[in-house]
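Open the model in your viewer and keep the selection panel at hand.

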Amino acid sequence: MAEVRLTGVTKRFGRDVGIEDVTLTVPDGAFVVLLGPTGAGKTTTLRLISGLETPDAGEIAIGGHVVNDLTPAQRDVAMVFQQYSLYPHMTVRDNLAFPLRSPILKTPKDAIAARVREVAEVLHIAHKLDNKATALSGGEMQRVSIGRALVRQPQLFLMDEPLSSLDAKLRSDLRIELKRIQADLGATLLYVTHDQIEAMTMATHVGVLDRGRLVQFGPPKEIYENPASLYVAGRLGLPRINALPAGLFPGAPAGAKTIGLRPEHIAQGEGQPARVVRVEHLGDQTRLHLTLDGHDVITLTDVHTDLGPGDTVAVAPRNPLYFDARGARIT
Ligand SMILES: Nc1ncnc2c1ncn2[C@@H]1O[C@H](COP(=O)(O)OP(=O)(O)OP(=O)(O)O)[C@@H](O)[C@H]1O
Ligand SMILES: [Mg+2]
């Protein structure tokens, strides 16, 4: 069991808030993605769970045991850092084998070699096993860092933007691999990313952090469809949700200041007239940049559209989300 439970956890750095009063239960075997802009407290959360930081207040439990007083080594947690942490003078093979060579583990040599090869193959790095860690590209280093966590097969993985410096093809391959590995091991995984697709496709749960506070936690679909605030609504969805004055369209409820319209939630051919500013052909998707009463609006349109700059198109909300003056959702 590797359920992770944070209860009222606070960590400050002088006057700066790392995280503030975070209470969160990560179910055993869950794949949790933490979202939030830079400085929101994502890395701090992972470092607190791994034992690299000590909370100022609150309790952290892994598998039902309070771990506040345990060292990182005693927690059986593998962390992949935002900055790669490889031994530069060692080969890829030795970097990968290192976590298994701990005398406490007593892992036989041939078992280590087999495990290293297996992980190297999964991460498409087997052809670089004899390279020095310094003789690798950024993406290769990142894969070795992930490998160093995977070889150990712990119950809990913490990964801080592990795929951020990989190209699109490798990213999508490893996305699938990571998800598979996590499912095979039945491991619990906390994962930080800024990537839309990673969050939507890999996560069983998404946690949204705002200046150190956990503002929503739930399945990605729920976070997307039912955000508690304008802030949360803006964390998922690409192109981003359109945040417009509520009065721009008829039908806003009392107290609504802002109407949130996801690009796919705008109907064309009825409603308010908007002017086309730009048509962006992305291959599988065509984005329509509009201006409506001086406000920018982005929506999607037919890939074969004949609309062009200067044209007028009528638009109306579908499934609008309304928010009050403080950004809280009005339902
Ligand atoms: N060691 C530290 N000393 C001082 N302040 C810190 C330290 N670590 C984090 N902080 C502060 O805590 C807050 C949260 O930082 P954290 O690194 O958790 O953000 P993050 O969400 O991981 O951001 P990013 O997306 O940029 O990695 C920030 O204000 C940061 O400046
Ligand atoms: Mg960080």
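A pocket here is found on a 1 Å grid over the protein atoms alone: it is an open set of points where a 1.4 Å probe fits, with protein on both sides within 12 Å along at least five of seven lines, and its lining residues have an atom within 4 Å of a point. The model is predicted, so to speak of local features pLDDT of at least 70 is needed, and side-chain atom pairs count only at pLDDT 80 or more, while totals for chains, interfaces and linings use all residues. Residues are numbered from 1 along each chain as its sequence is written, chains are lettered from A and ligands numbered from 1 in the order in which they are written, and side-chain values use heavy atoms, with hydrogens and water left out.

**Stop 1: the largest pocket**

Select Val77, Ala78, Pro99, Arg148 and Arg152, which lie nearest the centre of the largest pocket among its 28 lining residues. The space in this pocket is about 800 Å³, a volume being the space filled by probe spheres set on the grid points, which are joined across faces, edges and corners. Next, colour β6 (77-80), α3 (109-122) and α4 (138-150), the elements that each give two or more residues to the lining. Helices (H or I, at least four residues) and strands (E, at least two) are DSSP runs, numbered from the N terminus. With 4 residues, β6 gives the most. By class, the lining has 18 nonpolar, 6 polar and 4 charged residues. Nonpolar means Ala, Val, Leu, Ile, Met, Phe, Trp, Tyr, Cys and Pro; charged means Asp, Glu, Lys and Arg; the others, Gly among them, are polar.

**Stop 2: the second largest pocket**

Move to His194, Gln196, Gly234, Arg235 and Leu236, nearest the centre of a pocket lined by 14 residues. About 190 Å³ of space lies there. Its lining has 5 nonpolar, 6 polar and 3 charged residues.

**Stop 3: ligand 1**

Show the 13 residues around ligand 1; Thr38, Gly39, Lys42, Thr43 and Thr44 come nearest. A residue counts as near if one of its heavy atoms lies within 4 Å. Which element gives the most to this shell? It is α1, with 3 residues; β2 (16-26) and α1 (42-50) each supply at least two.

Now display the polar contacts (pairs of N or O atoms within 3.5 Å):

- Gly39: a polar backbone atom is 2.9 Å from a ligand 1 oxygen.
- Lys42: a side-chain N or O atom is 2.7 Å from a ligand 1 oxygen.
- Thr44: a polar side-chain atom is 2.6 Å from a ligand 1 oxygen.

On its own, ligand 1 has 630 Å² of accessible area, of which the protein covers 64% (Shrake-Rupley method, 1.4 Å probe).

Methods: Polar contact = N/O pair within 3.5 Å; in protein donor to acceptor, adjacent residues only side chain to side chain.
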